[in-house]
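User: I'd like to go through this model with you, one question at a time. Shall we start with the ground rules?

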Amino acid sequence: KGQNPVFPRILGHEAAGIVESVGEGVTDLKAGDHVLPVFTGECKECRHCKSEESNMCDLLRINTDRGVMLEDQKSRFSINGKPIYNFVGTSTFSEYTVCHVGSVAKINPLAPLDKVCILSCGISTGLGATLNVAKPPKGSTVAVFGLGAVGLAAAEGARMAGASRIIGVDLVPSRFELAKKFGVTDFVNPKEHSKPVQEVIVEMTDGGVDRSVECTGNVNAMISAFECVHDVWGVAVLVGVPHKDAEFKTHQMNLLNERTLKGTFFGNYKPRSDLPSVVEKYMNKELELEKFITHEVPFAEINKAFDLMLKGEGLRCIITM
């Protein structure tokens, strides 16, 4: 999606681990701490970190082009004296990695790392998009576009918030059966209708849903997600990342009729401040993570994990080092 290729680099950005050692000046963490490395950090010092409304740290916001550490502009990985670049401050496809302290969230040491690892990106993103941004009132209707792991996490958030009806929108009919486990009550496949899917949803819901969450990255799905919410109180939240050249087009009357369009990044969670409490939701059995985990492979079979992802056959595949 238009990122500059930096090569060679160690990818991976969703993980859990244990601190092996800390560098000079690091006081918030110590060896033995259980942590989630996160692709977007929280320095706790900038205007964004000090604002209750933001999780977009000035210093450690995601940067896909940067392949080095902030402190000295050098990589911590190398082979035969040549640098191997890092990735979004985490590079988790590795037995050991080096992170900025602001990109690491300390969590409950009793939490199983092979489950809570999925909270370091996708599941928190979908969950937070619903709970922190869409904020559906109890009994409301919610449409979720895209029933991959992020979309199902958004549906899970709607279920936890007490939504009365959760409409899943996806082009793959086989996903509906699985989606029922996450609270999805209705399924709409846009390919099965002659009119735009937003019109189908408006008819199903007597004027539109109260909230919608878009998790595909397809700009047409984003437009549908906005146009399917009810006027005046409807809120649409965009989670997916569009192609860099994509344009969002809608009639301005959709805004004048008081619909709200919002974007979100990492579910509006501040990684260090908020992730520990999301882990506690799992520990308290408010949030089920096991149903997101469909496969497990050893590190040597990482390409099998990519194949599963490209075929859309799983939600989350755990890679054990």
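Analyst: Buried means under 20% relative accessible area, exposed means over 50%, and partly exposed is in between (1.4 Å probe, protein chains only). This is a predicted model, so local features need pLDDT of at least 70 and side-chain atom pairs count only at pLDDT 80 or more, while totals for chains, interfaces and linings use all residues. Residues are numbered from 1 along each chain as its sequence is written, and side-chain values use heavy atoms, with hydrogens and water left out.

User: Is Lys 180 buried, exposed or partly exposed?

Analyst: Start with its partner: Lys 180 forms a salt bridge with Glu 177, with 3.3 Å between the closest N and O atoms. (A salt bridge is a side-chain nitrogen of Lys or Arg within 4 Å of a carboxyl oxygen of Asp or Glu.) Glu 177 counts as exposed at 54% relative accessibility. Lys 180 has a relative accessible area of 43%, so the label is partly exposed.

User: Which helix holds Glu 177?

Analyst: Helices here are DSSP runs (H or I, at least four residues), strands are E runs of at least two, and both are numbered from the N terminus. Along the chain, Glu 177 sits 10 residues from Phe 187, with 9.4 Å between their C-alpha atoms. The helix holding Glu 177 spans residues 175-179 and is α5.

User: How far apart are the centres of domain 1 and domain 2?

Analyst: The bounds come from an automatic or database domain assignment. Domain 1 takes in 17-121 + 269-319, and domain 2 covers 123-265. Taken over C-alpha atoms, the distance between the two centres is 27 Å.

User: And how much area do domain 1 and domain 2 bury between them?

Analyst: Buried area is the accessible area (1.4 Å probe) that two parts lose on being put together, summed over both. With contact meaning heavy atoms within 4.5 Å, 21 residues of domain 1 touch 20 residues of domain 2. Carbon and sulfur atoms make up 66% of the buried area, and the total is about 1700 Å².

User: Which residues of domain 1 lose the most area to domain 2?

Analyst: Three residues together account for 36% of what the domain 1 side buries. They are Tyr 269, Lys 291 and Phe 292.

User: How many residue pairs are in polar contact between domain 1 and domain 2?

Analyst: A polar contact is a pair of N or O atoms within 3.5 Å; within protein, one must be able to donate a hydrogen and the other to accept it, and residues adjacent in sequence count only if both atoms are side-chain atoms. Between domain 1 and domain 2 there is also 1 salt bridge. With both residues at pLDDT 80 or more, the number of pairs in polar contact is 8.

User: Which helix gives the largest share of the side of domain 1 that touches domain 2?

Analyst: That side divides into 13 nonpolar, 3 polar and 5 charged residues. For those classes, Ala, Val, Leu, Ile, Met, Phe, Trp, Tyr, Cys and Pro count as nonpolar, Asp, Glu, Lys and Arg as charged, and the others, Gly among them, as polar. The largest share is 3 residues, from the helix at residues 271-283, α9.

User: How many residues apart in sequence are the parts that Glu 156 and Lys 291 tie together?

Analyst: The structure holds 16 salt bridges, and in one of them Glu 156 meets Lys 291 at 3.0 Å, N to O. Both Glu 156 and Lys 291 are buried. Glu 156 lies in helix α4 (residues 149-161) and Lys 291 in the loop between α9 and β12 (293-298), so the parts tied together are apart in sequence by 135 residues.

User: Is Thr 130 buried or exposed?

Analyst: Thr 130 belongs to helix α3 (residues 122-134). Beyond residues up to four places away in sequence, Thr 130 touches Lys 135, Pro 136, Ala 154, Gly 157, Ala 158 and Val 213. Its relative accessibility is 1%, so Thr 130 counts as buried.

User: What is the relative accessible area of Ala 225?

Analyst: Ala 225 is in helix α7 (residues 219-227). Setting aside neighbours within four places in sequence, Ala 225 contacts Phe 145, Ser 212, Glu 214 and Ala 236. Ala 225 is buried, and its relative accessible area is 0%.
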